[in-house]
Amino acid sequence: SIPTEIGQLQSASVLLQKNKFYNSSKPAPLSLCKLRSGVKEFDLVNDTELCPIERNALVDFYDSAKGSEWTNVIKNDVPWLDEYESCCGWYGVTCDDDMNHVIELNLANNGLSGRLSASIGKLTFIEKLDLSDNDIK
């Protein structure tokens, strides 16, 4: 797998195409996929196997709904925005049996505020979205 530390390379272009990262069961570090830590470019950012669309959408949602202020963000010792874990292990997120697609997002009464990100529309397999009893605008 791709080491998290690569995401800490300030102002760097990270070019890793044509390597053997696809045999890993873990996605690329979140900091690389979302260019969160100062990396200027990551050539595999659009590779949905390494940077899953639904995980990226949930990160956008987390940021816009002020996730750092939520009541609950940890499930089975896995926090939201974990560098390597699938978003299927995040609090309030339920995935299908193959653990490939988000089918439920239940963050009712969880201290959400801010705004509802349009990226939530990228959760195209969702069957239940419960964000009730929060302060989203």
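The torsion about its S-S bond is about -75°, so the Cys-33 and Cys-51 link is left-handed. This pair joins distant parts of the chain, 18 residues apart: Cys-33 sits in helix α1 (residues 30-33), Cys-51 in the loop between β2 (41-42) and α2 (53-64). Both Cys-33 and Cys-51 are buried, meaning under 20% relative accessible area with a 1.4 Å probe, protein chains only.

Before going on, a word on the model: it is predicted, so local features need pLDDT of at least 70 and side-chain atom pairs count only at pLDDT 80 or more, while totals for chains, interfaces and linings use all residues. Residues are numbered from 1 along each chain as its sequence is written, and side-chain values use heavy atoms, leaving out hydrogens and water.

Counting bonded cysteines along the chain, the pattern is 1-2, 3-4. Cys-87, by contrast, is in no disulfide; its nearest cysteine sulfur, that of Cys-88, lies 4.7 Å away. Cys-87 is buried, at 6% relative accessible area.

Stepping back, the protein has two helices and seven strands, where helices (H or I, at least four residues) and strands (E, at least two) are DSSP runs, numbered from the N terminus. In order from the N terminus, they run β-α-β-α-β-β-β-β-β.

Terms used. Disulfide = S-S within 2.5 Å. Buried < 20%, exposed > 50% of the residue type's maximum accessible area, 1.4 Å probe, protein only.
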